[in-house]
Structure formats: structure tokens, C-alpha cells
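Hi everyone, thanks for making time.

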Amino acid sequence: MIEEKIKNLDLEDLLYEVELPLSHVLMKMEQRGIRLDVDFLKTISVDLTQRAKELEKECHELAGMEFNLSSPKQLQHILFEKLELPTSVSRKTKTGFSTDQSVLERLAPLHLLPNRILEHRELNKLLGTYVNALPELVNPDTGRVHTSYLQTVAATGRLASANPNLQNIPIRTERGAEIRKAFIPEDGHSLVSIDYSQIELRMMAHLSGDEALIEAFQQGEDIHISTAAKIFNVKPEEVTKEQRSGVKQVNYGVLFGMREFGLSQRMGISIQEAREFIEGYFGAFPGVKRYIDHLLEDSRKTGMVKTVLGRRRPLPELQSSNRNLVQSGERMAIASAVQGSAADLIKLAMLKLDADIDREQLPYSMLLQVHDELIFEVPEGEEEDSISWIKQRMESAMTLKVPIVADAGYGKNWLEAH
DNA sequence: GCATGATGC
DNA sequence: AGCATCATGC
């Protein structure tokens, strides 16, 4: 029996106190939806389509022939055979040489074509996945888009969002970020966005109990600067931008179980330098090293990894005789413990927020969850009050060994609120 | 249906 | 380098 199995795996609290009640909260969020400014997207679409056409023409001229810019196979032929650009910067895929972003960036100094392809890919992605696709998904009855939240597809316990996926709306590039302006509040309302600050690193500090990392968070300073100061044994004000940026990548690399090779690829440094970076990190934060060693040992024995709320992820890879499979399983174990525990935290916050909004009969609507961020719709004039009310609950959803901090903003669209 | 490459956290 | 979804080519 399934109930018997849940009881035996000690998953009763997670199911009955978290996931099932959460399903009701998610249903309300899906039904409420979020308003979309379709006219605004139509305007963007015209501009982007025009520019994409120009780029297509230019690419054909640069290549000396017509080809499908969206076909990696055809592009591979143009770049590496027709134009004879070096394949040395490209890794091998099953079908030949890769033409992904990192490869095109490395080819850019040698020829104009790679840059134009990069821009064209960005525009095509924006048009196909967001600008042209989102208006099709507006419900004519509500004038809003209604995503579906999936509770059972992510191995870590994170939520997923589909049809449309509102958890991967662009923000990084200027053109992409424009799309967020199309997500708007109901008349007389504002959008409020509150996101956890560096929640996964804080979770690592909590899980590992590393004294130096905990101390760094308790100081409330820029975590990447304080870790850089610790690793390089200098004062925080002496940390260079380059040092901070390197340490930031290592900080996040630790969460994903990075190894020398991965870090060297990512940072564009030698494997030897990457090894020194990682040794420096674990030297400065020995508690993190001990935690990871213990987690991996424990996961290997039990064949699974658990989050703070006891959510389980089976990892049979750890018991494989294939070294690559084991190493991949080890990265999954580390990532799952951290990511899954952060997912546990925001789920508790969502339950508390929903219950208190109901109990106090507040006019706040929870609209979206984006892993470490919640977006609400609140009446105009109540932005500041709602922010402190929500922030307080998000920051106290669990008690960790480090402070939990959430940053907030509000505005007349999602970009402004972020 | 798989491979590739884009987007997000 | 971990976790996802979506579009496109073939």
C-alpha cells in the first residue's frame, strides 16, 4: 500500500503538511494567473522580427550562400568547412562540432558571422518562446496567462512551471528584460516581487555548519567579497573585481559539486589554477569540505540524499562501478541537498503566507513562484505595507544557523518590481 | 523521438 | 557545473 510505504519512508509530514496543502495554494495561483500586455508584445514583435530579417540577410552574405540559421548542422558546415574557422575552440558533439554560445564567442574575434549568429539566436529565442508565444496563451475570459505548476517532475523537489513556463522569463539581456514589462498588475494594483538573497549559499552555510561561512553571513556584508578576503588572506576592501568574480563562481560551483575541470572550463583558467582555487576555498571553509565528504559517504551508503524536510532523492549512480557515473551522482547529491532544501524553505513560506492572507483577509494575491522569488499583486498604496508583511514571513519560514534575507521591490510591471 | 541550443534559478 | 521548459532541425 502507498500509505504504508509513505509511513515507512517517514514522508508523512512532507506529504500531508507540505505537498498536499501546497497543491491547493498552487491551484489558486494558477487560477488567478497574471495579466499580460499583449499590445506591448505585438510592438516588440515587429521590431525584433525586422532586426532578425536584417541579420538573416547579413549572415547569408557573410557566408557567401543561403542557409538555415536555425540549423546547427548547416551552421557547422558554413563555419568549419566553408569558412575554415578553427575547430580547436569547439568541443565535439555526437553530430560533429558544437556551435553553441561559448564556441561562437571564441570565434567572434576571427570573423563577423559568429556575432551575427549569436544576435540572431537571441532574437529567434525571444520571438519564438516569449514575444509571439505568450499572447496565444492568454485566456480570453480572464485576459491573463495561467501557468501550470508541476510538483512531481523536478528530482530535487523544486517546482516546475509549464504552458507557459513563467520560471524562465528573460532578464539577463536588455532586449530580453523588455519582455518582463509585459507582465502587469490588475488596474488599481501593483506587482510586488520578493526574492531570497543568496538562499542556496545560506543553505550551504546552515547544512555544513561551517563557522567561517556562517560568520560571513552574520556580518551581513557582500558574501563574495568576504569569502575572497578569507581565501586570499586580504582585507575586504582590498579584494579586486577579478577576485570577487572568481570567488563568486567558486561559491556557486561548490553548490553544484564542481571539480577542477568544470571550474577551469567555466572560468577560462588552467586546470592547475582551478585546483588551487578549490583548495584555497576548502582551506578557508573546512566545514564545507567536511560536510560534503560526510554527505557523499552517507549518500553512497544509503543510495539516496535527503533535504531538511526529509525529501528523498534516490541516487543509484553512487553505487555504480563507472567512475564518471559516480562523479555525476556526487554532483547531484550535493546540488539536491542544497537546492531541495531551499525548495523546502520557500514552500513553507508559501504555505504560511497563504494561510495568513486568508486568516487576516488581506487583499494580496500570490501570483508566481520562481524558485527563490515570489510575485504578488497588491492594491495600489499598500505596496510598502505588504512588502514588510510578506518579507517578515519569508525570512522566518525556517530558522537556520544564518540569517535569511529577502529583497523586495514593486512597480507597474515585473521588470520594475524586480 | 533525439540532439542541440536558447531561457531561467 | 546542478535543476528545469521550449523551439527547432532532422
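So, which residues touch the most other members of the largest nonpolar core? They're Phe-183, Met-204 and Phe-376, in a core of 103 residues. By nonpolar core I mean a set of buried Ala, Val, Leu, Ile, Met, Phe, Trp, Tyr and Cys residues joined through side-chain atoms within 4.5 Å. Buried is under 20% relative accessible area, exposed is over 50%, and partly exposed is in between, using a 1.4 Å probe and protein chains only.

Quick housekeeping: this is a predicted model, where local features need pLDDT of at least 70 and side-chain atom pairs count only at pLDDT 80 or more, while totals for chains, interfaces and linings use all residues. Residues are numbered from 1 along each chain as its sequence is written, chains are lettered from A and ligands numbered from 1 in the order in which they are written, and side-chain values use heavy atoms, with hydrogens and water left out.

Back to that core of 103 residues. Helix α15 gives the largest share, twelve residues. Helices here are DSSP runs (H or I, at least four residues), strands are E runs of at least two, and both are numbered from the N terminus. Apart from this core there's another one, of 15 residues, including Ile-78 and Leu-79.

Those two bring us to helix α4, residues 72-82, where Leu-75, Gln-76, Ile-78, Leu-79 and Phe-80 are buried. They sit on the same side of α4, because they cover an arc of only 165° around the axis, going by the directions from the helix axis to the C-beta atoms. Over on the other side, Lys-73 and Glu-81 are exposed. Among the elements covering the buried side are α3, β3, α5 and α6.

For instance, a polar backbone atom of Asn-163 is 2.7 Å from a phosphate oxygen, whereas a polar side-chain atom of Arg-266 lies 2.9 Å from a base nitrogen. And α15 turns up again: with four residues, α15 gives the most to this surface.

Key. Polar contact = N/O pair within 3.5 Å; in protein donor to acceptor, adjacent residues only side chain to side chain. Contact = heavy atoms within 4.5 Å.
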